[in-house]
Amino acid sequence: MGVITDNLDLWGEALVGTLILFAGGGLVALVLGIIVGAMRVSPVPIARAVGTLYVNTIRNTPLTLVFFGFAFALPPLLDARFNPLHLGIAALGIYTATYVAETIRSGINTVPVGQAEAARALGLTFGQVMSLVVMPQAFRSVIPPMMSVFIALLKNTTVAAGFSVVNLGSIRAYLSERGESQMLVILWVMVIFIALVLVLSWVQRRLELRWKVAR
């Protein structure tokens, strides 16, 4: 325990950095993913094309290259300087949004077509059909795969360590400078990630139970 108790300042900063990356990236991914997922099933051809292009381009690009783009291409392009943490949140969110979008799209496909057609027959717009009829049912069916996406996002936060963002993925380098055993540090990082994933799994079970009863 000495490797933790003797370096609580670094562990605290690293854990907070990981949680900020996860929460910020998750929020961006959820909002953008819902929009792109809706675009993927939109009756407007241009919207479907844009959604498909976005998903196929970003999802098939390695996350490290996405980070490179935000860290080294975006600042010169906009002639501005950004906080590495903010760039990390943006990179994680935009990348993860593609998986959220596809998960949402799979959930939308589980809703019977007749329900959407009935809603449109009542005069509801596409936006109203999606928000009032389709999405509430789609979300119930995608809780397990959606949580898998967010668990992957949590683990992907370690990629930000290579781009000057302090998190659990970078703490090994900092503690090695203090003479701590790198192997021991890695083992503790593994334990913390397992604990965080277990928390997410618990949240998933609670949501499944709650929405199962709501049905």
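The protein exposes about 11700 Å², of which carbon and sulfur atoms supply 67%; accessible areas were computed by the Shrake-Rupley method with a 1.4 Å probe, and for residues only the protein chains shown count as cover. The structure is a predicted model, in which local features need pLDDT of at least 70 and side-chain atom pairs count only at pLDDT 80 or more, whereas totals for chains, interfaces and linings use all residues. Residues are numbered from 1 along each chain as its sequence is written, and side-chain values use heavy atoms, with hydrogens and water left out.

Taken along the principal axes, the C-alpha atoms fill a box of roughly 70 × 45 × 20 Å. The protein contains ten helices and zero strands, elements being DSSP runs numbered from the N terminus (helices: H or I, at least four residues; strands: E, at least two). Of the 215 residues, 38% are buried, where buried denotes under 20% relative accessible area, exposed over 50%, and partly exposed the range in between (1.4 Å probe, protein chains only). Among contacts (heavy atoms within 4.5 Å) between residues at least 6 apart in sequence, 78% join residues at least 24 apart.

The UniProt record, an unreviewed entry, places the feature "domain: ABC transmembrane type-1" at residues 15-204. UniProt positions are given in the numbering used here, feature names are shortened, and annotations may be inferred rather than shown by experiment. In the model, the span 15-204 is 79% helix and 0% strand, and its end C-alpha atoms lie 22 Å apart. Residues 15-39 are 100% helix and 0% strand, with end C-alpha atoms 35 Å apart. Residues 183-203 are likewise 100% helix and 0% strand, with 31 Å between the end C-alpha atoms.

Pockets were then considered. Rolling a probe the size of a water molecule over the atoms shows where empty space is left. On a 1 Å grid over the protein atoms alone, a cavity is a set of points where a 1.4 Å probe fits but cannot get out, whereas a pocket is an open set with protein on both sides within 12 Å along at least five of seven lines; lining residues have an atom within 4 Å of a point. Grid points are joined across faces, edges and corners, and a volume is the space filled by probe spheres set on the points.

The largest pocket holds about 320 Å³ of space. Its lining comprises 15 residues, and those closest to the centre are Leu30, Met146, Met147, Phe150 and Leu207. Two or more lining residues come from each of helix 2 (8-40), helix 8 (143-156) and helix 10 (182-214), and helix 2 makes the largest contribution, five residues. By residue class, this lining has 14 nonpolar residues, one polar and no charged, with Ala, Val, Leu, Ile, Met, Phe, Trp, Tyr, Cys and Pro counted as nonpolar, Asp, Glu, Lys and Arg as charged, and the others, Gly among them, as polar.

The second largest pocket has a volume of about 260 Å³. Of its 13 lining residues, Ile108, Val113, Ala116, Arg120 and Val134 lie nearest the centre. Helix 6 (113-121) and helix 7 (126-141) each supply at least two residues of this lining, with helix 7 giving the most, four residues. The lining divides into eleven nonpolar residues, one polar and one charged.

Individual positions in helix 5 (residues 84-108) were also characterised, among them Thr96. Thr96 is buried because its relative accessible area is 3%. Beyond its neighbours within four places in sequence, Thr96 is in contact with Ala29, Val149 and Leu153. Thr98, also found in helix 5, is buried at 0% relative accessibility. Residues up to four places away in sequence aside, Thr98 touches Tyr54, Val55, Ile58 and Arg59. Ala90 belongs to helix 5 as well, but at 21% relative accessibility it counts as partly exposed. The C-alpha atom of Ala90 is separated by 9.1 Å from that of Leu21, 69 residues apart along the chain.

In helix 7, Val133 counts as buried, at 19% relative accessibility. Contacts of Val133, apart from neighbours within four places in sequence, are with Gln115, Ala119 and Gln128. The C-alpha atoms of Val133 and Ala119 are separated by 7.6 Å, the two residues being 14 apart along the chain.
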